Amino acid sequence: MHPRPRGQGEPPVKRRIPTYVWTFLALVAGLAAGGFLPGPLAPVANATSTLIGWVVAVVPLLILAALSPAIATLVRRGLAGRFAGAVVLWYVFTSTVAGLIALVASAAIFRIPLAAGDQGVWAEAVAMLHSLGEGGASRPLLAILAGVLLGLFGARHDPTYRVLRRMADAIERPGGSLAYVMLPLILAFGVTLGVRFGASLGLSHYLTMTGYTAALVLVWWAFYTFVLVRRVGRRRVGPVLSGYYVPTAMFAAGTCSSLATLPVNLANAKKVGVRDEVADFVLPFGAVVNLDASALAYLAYGPFVVSYVFGMELSWVMMLAAWPAVVLFTIAAPGLPAGMGTALWSATLFASILGLEGQAQGDFIASWIALSGGIPDMLRTATNCTGDGYTAIIFDGRFDEYFARERG
């Protein structure tokens with residue numbers, strides 16, 4: 001049967017509204033409702049905080065299920081050759097540097113002391129470790145350790161690896177529909193933020209978070225573009241920006257998904273001259289394991305949410321404890337739609353470091369997720385995706401030289 005020519009009675013094509021639009025609208029609607037009706041909607045905010053407590057209880061399982069298969073795959077692919085190993089090390093390097101930039105910049109902006117209160121650095125470190133051991137607060141960190149060990153074992157044991165891959169598939173399979181299913185929860189997060197701070201202050205916090213995220217990713221973009229691409233990759237910046245960066249970043253911001261952006265990312269990278277053998281490995285691999293902008297943002301969000309939004313004390317000791325954990329998780333664990341996976345995990349980590357429990361813990365995590373969603377998520381995704389393409393451009397510039405050394 002031949003396709004019917006366009007315009008001859010065919011029904012109009014229906015375009016589904018992107019999930020990020022619904023997410024943003026749900027967040028704003030909840031913020032407005034909670035801010036203007038704090039009394040009637042206080043039970044909703046309280047119920048959301050209680051729900052967060054239940055969710056936190058399963059976060060270690062989520063970390064273990066997501067992290068262990070990713071670590072196993074990372075090890076397997078990283079041992080496939082020197083080129084693959086170099087790409088893996090590059091992604092580890094950029095995420096670590098991004099985390100370091102976030103630590104130093106946010107500590108300077110919010111004037112974070114070496115230690116909270118009057119206690120010394122060593123005393124606070126001991127007290128923090130003690131608080132992490134109480135009430136299950138250390139479970140996210142223990143889950144990371146268990147995920148790394150299980151992943152390393154699975155990388156060398158085929159039956160275990162197959163089980164881990166099935167776990168990863170079970171997490172990733174409902175990704176698209178899950179974004180819509182979570183809309184009521186995003187609405188509830190907005191209500192909690194509105195009840196907690198009021199509509200005006202809650203909106204102010206959100207806009208400040210958006211500007212803060214924009215400044216963070218701008219710093220990372222400038223570093224990647226003018227230092228790494230220009231100096232290390234030996235590429236002219238102008239053609240890269242016009243031919244690759246702008247169209248890729250716009251699409252990534254619209255989808256809020258590294259995987260959904262992958263076909264466009266591949267096409268645009270090849271348009272600016274990246275070899276197929278480089279792009280076809282570096283970009284798909286980076287779409288799964290490289291979230292350097294998220295490592296930058298979520299570590300920098302700690303002082304913002306803790307100090308600026310909630311007025312609590314955060315120290316260098318706490319940030320140094322969070323740095324490797326956030327970097328490791330953003331390297332190895334695939335996120336849930338709208339950044340929910342990484343947002344939930346990082347918020348839980350900082351709540352654990354602060355020793356928050358019960359209602360305080362629920363309010364903290366719900367506010368963190370609400371503030372980091374929508375426009376901030378668009379900015380993070382665009383920077384993550386173009387970081388993958390920039391990596392392909394850099395390695396393409398060193399391709400001949402690298403493989404000449406390898407053959408020699």
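Colleague: Leaving aside its neighbours within four places in sequence, what is G273 in contact with?
Modeller: R235 and D396 (contact meaning heavy atoms within 4.5 Å). This is a predicted model, where local features need pLDDT of at least 70, side-chain atom pairs need 80 or more, and totals for chains, interfaces and linings use all residues. Numbering starts from 1 along each chain as its sequence is written, and side-chain values use heavy atoms, without hydrogens or water.

Colleague: Where does G273 sit?
Modeller: In the loop between α11 (258–271) and α12. Helices here are DSSP runs of H or I, at least four residues, and strands are E runs of at least two, numbered from the N terminus. G273 is partly exposed at 44% relative accessible area. The cut-offs are under 20% for buried, over 50% for exposed and partly exposed in between, with a 1.4 Å probe on protein chains only.

Colleague: How about α13 against α17?
Modeller: The axes of α13 (residues 292–309) and α17 come within 7 Å and cross at roughly 140°. From α13, D292, A293, S294, A297, Y298 and Y301 take part, and they meet P376, R380, T383 and N384 of α17.

Colleague: Switching to aromatics: how many pairs in the whole structure?
Modeller: A search finds 18. Rings of Phe, Tyr and Trp (its six-membered ring) pair if their centres lie within 6.5 Å, with planes under 30 degrees apart called stacked, over 60 edge-to-face and the rest tilted.

Colleague: Why is Y244 with Y390 called tilted?
Modeller: Because their planes are at 45°, with the ring centres 6.1 Å apart. Y244 is in α10 (residues 237–255) and Y390 in α17, so the pair ties together parts 146 residues apart in sequence.

Colleague: Is Y390 buried or exposed?
Modeller: Buried, at 2% relative accessibility. Y244 is buried too, at 0%.

Colleague: Which residues touch the most other members of the largest nonpolar core?
Modeller: F364 and Y390, out of 89 residues. A core here joins buried Ala, Val, Leu, Ile, Met, Phe, Trp, Tyr and Cys through side-chain atoms within 4.5 Å. Not counting residues up to four places away, F364 touches V305, V306, F310, M312, A347, F350, A351, L354 and L356.

Colleague: What about the chain overall, how many helices and strands?
Modeller: 18 helices and zero strands. Of the 408 residues, 51% are buried. Among contacts between residues at least 6 apart in sequence, 84% join residues at least 24 apart.

Colleague: What's the phi at R111?
Modeller: Positive, about 50°, although R111 is not a glycine. Most residues other than glycine have a negative phi. R111 is in the loop between α3 (82–109) and α4 (121–132) and counts as exposed at 74%.

Terms used:
Axes are lines fitted to C-alpha atoms, for helices over the stretch in contact, and angles run from 0 to 180 degrees between N-to-C directions.
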